[in-house]
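Trainee: I have a model open and some questions about its contacts. Can we work through them one at a time?
Mentor: Go ahead.

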Amino acid sequence: KEIVMLYPDDHFYLFGDSAGGGLALSLAQQLRDQNVLHRPQKIVLASPWLDLTLSNPDIEKIQGNDVLLERELLAKAAKNYAGDFSLKDPRVSPLYGNLDDLKEIFTVVGTDDILFPDVLRLEKRIEKTEGTKLHLEVVEGMMHDFLVYPLKESKSYLKQIGDFYQK
């Protein structure tokens, strides 16, 4: 809230990748719930971790394709991160929270990303919301968080993110 008070005429955006994507979405939900007037108008999520329960059965089908993440290691990290919170608490797993009135969200995810099935759940949930628009880029054959690596496949999506923030 303090940064908004210091710069009341600025526009604020959020970006998060992997666990940071979940954090960015959770922060946007909390700012909305606290009625912060100058909330982020745009959010970019790259391979976001949206549900720390890892309960989506489709994760099992993809797990062998993701060269970076393993379900068992993620489950341990989830418990450590959540602490005393339930893994279904929206502050930990924003997919379980209210997705209304979050403005514009741009998401990039690869089909070989273990978190891809939950991004599809996000898409379905947002279709039923008010005040939230999702632009989803699904990239065939790409692993978790491919966007943050200096890959030729990443360049066009990085440009799209820049364009998204500019319009």
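Trainee: Is Arg121 buried, partly exposed or exposed?
Mentor: This is a predicted model: local features need pLDDT of at least 70, side-chain atom pairs count only at pLDDT 80 or more, and totals for chains, interfaces and linings use all residues. Residues are numbered from 1 along each chain as its sequence is written, and side-chain values use heavy atoms, with hydrogens and water left out. Buried means under 20% relative accessible area, exposed over 50%, partly exposed in between (1.4 Å probe, protein chains only). At 26% relative accessibility, Arg121 is partly exposed.

Trainee: Which residue meets Arg121 in a salt bridge?
Mentor: A salt bridge is a side-chain nitrogen of Lys or Arg within 4 Å of a carboxyl oxygen of Asp or Glu. Here the N to O distance is 2.9 Å. The partner of Arg121 is Asp118.

Trainee: Which helix holds Asp118 and Arg121?
Mentor: Helices (H or I, at least four residues) and strands (E, at least two) are DSSP runs, numbered from the N terminus. Asp118 and Arg121 are three residues apart, about one turn of the helix. Asp118 is buried, at 0% relative accessible area. Both residues lie in α5 (residues 116-127).

Trainee: How many salt bridges are there by this rule?
Mentor: Side chains of opposite charge can pair when their charged atoms come close. By the cut-off above, the count is nine.

Trainee: How many residues apart in sequence are the parts that Arg39 and Asp101 tie together?
Mentor: Their side chains meet in a salt bridge at 3.0 Å, N to O. Arg39 lies in the loop between α2 (19-33) and β2 (42-46), and Asp101 in the loop between α4 (71-82) and β3 (103-110), so the pair ties together parts of the chain separated by 62 residues.

Trainee: Which residue is linked with Arg39 and Asp101 in a network of salt bridges?
Mentor: Take the two known members. Arg39 is buried at 11% relative accessible area, while Asp101 is partly exposed at 28%. The network also includes Lys103.

Trainee: Which residue meets Glu60 in a salt bridge?
Mentor: The contact is 2.8 Å, N to O, and the partner is Arg71. The pair links distant parts of the chain, 11 residues apart: Glu60 in helix α3 (residues 58-62), and in helix α4, Arg71.

Trainee: Which residues of the largest nonpolar core touch the most other members?
Mentor: A nonpolar core is a set of buried Ala, Val, Leu, Ile, Met, Phe, Trp, Tyr and Cys residues joined through side-chain atoms within 4.5 Å. This core has 19 residues. Those touching the most other members are Leu25, Ile43, Leu45, Ile105 and Leu122.

Trainee: Which element gives the largest share of this core?
Mentor: α2, β2, β3, α5 and β4 each supply at least two residues of this core. The largest share is four residues, and it comes from α5.

Trainee: In which sense do β3 and β4 pair?
Mentor: Two strands pair if DSSP finds at least two bridges between them. β3 and β4 (residues 132-139) have eight bridges. Phe106 stands opposite His135 in β4. The sense is parallel.

Trainee: What is the hand of the crossover from β3 through α5 to β4?
Mentor: View it with the strands pointing away from you. A crossover is right-handed if the path from the first strand over the helix to the second then runs clockwise. This β-α-β crossover is right-handed.

Trainee: What is the phi of Ser47?
Mentor: Most residues other than glycine have a negative phi. Ser47 lies in the loop between β2 and α3 and is buried at 2% relative accessible area. Its phi is positive, about 50 degrees.

Trainee: And what is the phi of Asp145?
Mentor: Asp145 sits in the loop between β4 and α6 (152-166). Asp145 is buried, at 8% relative accessibility. Its phi is also positive, though it is not a glycine: about 60 degrees.
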